[in-house]
Amino acid sequence: MSTKSALPQLETDFERKTRLRKVAAATIVGSMLEWYDFYLYATMAAIVFAKVFFDPTNPQTASLLAFSTFAIGFVARPFGGVLFGYLGDKFGRKRMLVVTFCLMGVCTTLIGLIPGYATLGIWAPILLVAIRIVQGLGAGAELAAAAVTSYEHAAENKRGSQGAWPALGLNLGLLLSSLTIYALSQVGEDFLINGGWRIPFVCSIVLVMVGLWVRSSIPETPQFEELKHYAEHRMDITKQSPLLMLLKNDFKGLLVVLVVAIGYNALSYIFKTFSLAYLTQYQGVSAGVTSLAVTIASLIAICMVPLFGRLCDRWSSKKVLIVGGLGAALFAYPFLSLLGSGQTFQICAAIAVATGILAPMMFAPQGAFLSRQFPTQTRSSGVGTGREIGTAIAGGLAPLGALSLVSASPTHSTSGVMIILIISGVVVVVGSLYDQGRRHSTAKN
């Protein structure tokens with residue numbers, strides 16, 4: 001069956017541009033919310049949650065428990081990826097974009113409304129963990145839904161640049177949240193602990209309302225509409241479960257996505273999460289400095305993502321992904337050395353290169369690279385399942401493991417963290433080399 005839809009050929013140029021603008025807005029705003037919450041939660045877990053949601057009589061234990069709630073959110077991600085990936089292949093991409101966005105957005109707002117330990121005692125952290133798990137279900141499907149939607153709406157020669165839209169949303173979310181935290185931190189840490197931290201969580205409901213309006217206005221993807229039309233005449237397609245088809249026919253593609261996701265997320269979450277906790281706990285760096293560094297990195301990344309997307313169209317998403325993995329492995333030692341200096345300029349430089357250039361170089365190609373590992377009928381399940389299992393393994397464990405290694409070292413050495421970074425970069429490269437995309441498309445992206 002051809003993967004080319006007749007639908008775009010029936011559109012006028014104006015209609016096509018209007019459709020793509022809506023799809024761009026819908027995919028970008030979802031990633032914005034996910035990563036707005038990501039940086040807010042990671043920062044607040046490092047500097048506030050230990051004092052708000054846990055017993056303050058043992059600060060070190062409370063700090064580790066608070067940071068562990070960040071990792072707990074990853075437990076639910078693979079379940080969300082499998083469930084909503086399956087539903088996306090069964091009922092369409094658009095519906096899942098709306099459902100996953102609702103789950104993430106409502107939970108982000110609810111986190112800002114949970115009473116603290118002083119009010120609820122042990123029920124405060126229990127509620128926090130419960131909401132994080134539900135939120136993880138939505139976050140676990142968000143990237144797959146956004147990436148597949150962008151990929152299937154794109155022309156073959158634009159799948160790299162349009163597949164990078166979720167990566168652009170990621171960095172816009174980081175920028176928005178880092179600017180928010182930077183502004184709040186200028187008031188003082190006491191203000192944050194005494195309720196100021198709740199403001200950005202509760203205010204996220206505005207972003208949720210806008211996102212729901214945008215996502216409800218987009219059309220279904222042309223490729224899914226074609227598959228649905230084909231299935232009406234060939235009922236054998238719909239009789240089979242997308243998950244069973246995935247395991248039977250596209251298992252190699254699933255492994256490629258899993259391996260790349262493990263390597264990338266280990267790198268990304270150490271760059272973005274471990275660094276915040278390490279700087280706060282072991283270098284005495286304020287939230288103002290870390291948020292300033294992330295703000296600078298996000299501004300750089302917003303400029304770099306479109307460039308890397310265009311390079312995917314020109315060279316291939318595989319090549320860009322490999323270069324990013326190699327660059328991350330080579331930057332491991334300089335990154336940790338710069339963080340260890342404790343100096344503002346060096347910290348900003350480290351996070352700017354890691355989060356502003358290297359992470360986008362690996363994330364921008366993933367919309368096209370991961371989607372092309374599968375045919376239309378298993379694409380949502382494949383990307384959602386493989387990526388989110390990899391994210392759960394590496395995204396939750398890598399920063400927590402890295403922080404534990406530093407904590408266990410008498411000198412708080414980061415040598416173990418450097419080894420994790422190097423191995424993770426190599427894993428990205430190895431996974432990319434086993435690209436299965438040629439089986440499903442003639443396009444290089």
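Predicted model: local features only at pLDDT ≥ 70, side-chain atom pairs only at ≥ 80, totals over all residues.
Which residue forms a salt bridge with Lys17? The partner is Asp13, and the closest N and O atoms of the pair are 3.3 Å apart. A salt bridge here is a side-chain nitrogen of Lys or Arg within 4 Å of a carboxyl oxygen of Asp or Glu. Lys17 and Asp13 are four residues apart in helix α1 (residues 13-47), so about one helical turn separates them. Helices are DSSP runs of H or I with at least four residues, numbered from the N terminus. Lys17 is partly exposed, with a relative accessible area of 42%. Asp13 is partly exposed too, at 44%.

Residues are numbered from 1 along each chain as its sequence is written, and side-chain values use heavy atoms, with hydrogens and water left out. The predictor's confidence in each residue is its pLDDT, from 0 to 100. The mean pLDDT of the protein chain is 87, and 94% of its residues reach 70 or more. Over residues 1-8, pLDDT stays under 50. For that stretch the model has 16 contacts beyond four places in sequence. A contact means heavy atoms within 4.5 Å.

Back to the charged pairs. Side chains of opposite charge can pair when their charged atoms come close. The count comes to ten salt bridges by the rule above. One of them joins Glu388 and Arg77, with the closest N and O atoms 2.8 Å apart. Glu388 lies in helix α20 and Arg77 in helix α3 (residues 59-91), so this pair ties together parts that are 311 residues apart in sequence. Both Glu388 and Arg77 are buried.

Stay with Glu388 for a moment. Its helix, α20, covers residues 376-408. Leaving out residues up to four places away in sequence, Glu388 touches Arg77, Pro78, Gly81, Ala139, Gly140, Leu143 and Val383.

Another salt bridge links Glu152 and Arg93, at 2.7 Å from N to O. Glu152 lies in helix α6 and Arg93 in helix α4 (residues 93-111), so the pair ties together parts that are 59 residues apart in sequence. Glu152 and Arg93 are both buried. Salt bridges that share partners join Asp89, Arg93, Glu152 and Arg379 into one network.

Helix α6 also holds Gln135. Gln135 counts as buried because its relative accessibility is 3%. Its contacts, leaving aside neighbours within four places in sequence, are Asp37, Met104, Cys107, Thr108 and Ile111.

What does the surface show? Leu120, Ile122, Trp123, Ile126 and Leu127 make a nonpolar patch of about 480 Å². Patches are made of residues with over 30% relative accessible area and no salt bridge; like charges are joined within 9 Å, and nonpolar side chains (Val, Leu, Ile, Met, Phe, Trp, Tyr) within 5 Å. Helix α6 (residues 123-153) gives the most to this patch, with three residues. Ile126 is in helix α6. At 39% relative accessibility, Ile126 counts as partly exposed.

Now turn to helix α10 (residues 198-215), where Val214 sits. Val214 is buried, at 13% relative accessibility. Val214 touches Lys22, Ala25 and Ala26, not counting residues up to four places away in sequence.

Two loops complete the tour. Most residues other than glycine have a negative phi. Ser316 has a positive phi, near 120°. Ser316 lies in the loop between α15 (287-315) and α16 (317-330). It is buried, with a relative accessible area of 8%. His412 also has a positive phi, of about 55°, although it is not a glycine. The place of His412 is in the loop between α20 and α21 (415-433). His412 is partly exposed, at 35% relative accessible area.

Key: Areas by Shrake-Rupley, 256 points an atom, 1.4 Å probe, with all protein chains shown as cover. Buried < 20%, exposed > 50% of the residue type's maximum accessible area, 1.4 Å probe, protein only.
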